[in-house]
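Trainee: Could we go through this model together, one question at a time?
Mentor: Gladly; let us look at it first.

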Amino acid sequence: MMNCDMSRFLAYSFDFAGAQMLGARENQQDFYAFVPPDQFEGRAVLCVLADGMGGYEGGEIASEWAVRTFVSVFLKDLVPEPDKLPEALSAANEAVGDARLVSEKVRNMGTTLCAAYLCGYFVHFIIVGESVIFLWRRG
């Protein structure tokens, strides 16, 4: 099990802002969540972003279900660990798969997902699909 050294407080401060811009599609297919340090006793941050697959009905449903499920599973225990990233991703994938069964109209929906868990001096991340995570440091 990969441990998050909870004895180290975050060595950085956070400013978080979110914005979405409607592109060529008729609806917004991105969904994101930011779980702030106060949810982790000031020692960690979780950021999750999903982008529904364009060209298919239900991308906005897939991305929201994926992010909500991912966060819920990751926060399930009192002390989240970086090793929970794959478990949360698997649960998110299953939730989207279950949602596809609701209607023939959304049977092909899907989403990308990327998540970063910043803890101590480490960034643990997981990515599925074409969404990316950039590490920007030293200006």
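**Aromatic pairs and burial**

Mentor: F70 is buried, with a relative accessible area of 0%, where buried means under 20%, exposed over 50% and partly exposed in between (1.4 Å probe, protein chains only). This is a predicted model, in which local features need pLDDT of at least 70, side-chain atom pairs count only at pLDDT 80 or more, and totals for chains, interfaces and linings use all residues. Residues are numbered from 1 along each chain as its sequence is written, and side-chain values use heavy atoms, with hydrogens and water left out.

Trainee: How many aromatic pairs are there, by the rule for ring centres and planes?
Mentor: Rings of Phe, Tyr and Trp (its six-membered ring) pair if their centres lie within 6.5 Å, and planes under 30 degrees apart count as stacked, over 60 as edge-to-face and the rest as tilted. By this rule, the number of aromatic pairs is 2.

Trainee: Is the pair of F70 and F74 stacked or edge-to-face?
Mentor: The ring centres of F70 and F74 lie 6.4 Å apart. Their planes meet at 5°, so the pair is stacked.

Trainee: Which strand holds Y117, the partner of F74?
Mentor: F74 and Y117 form an edge-to-face pair, 4.9 Å centre to centre with 65° between the planes. F74 lies in helix α1, and the pair ties together parts that are 43 residues apart in sequence, since Y117 belongs to strand β3 (residues 111–119); helices (H or I, at least four residues) and strands (E, at least two) are DSSP runs, numbered from the N terminus. The strand asked for is β3.
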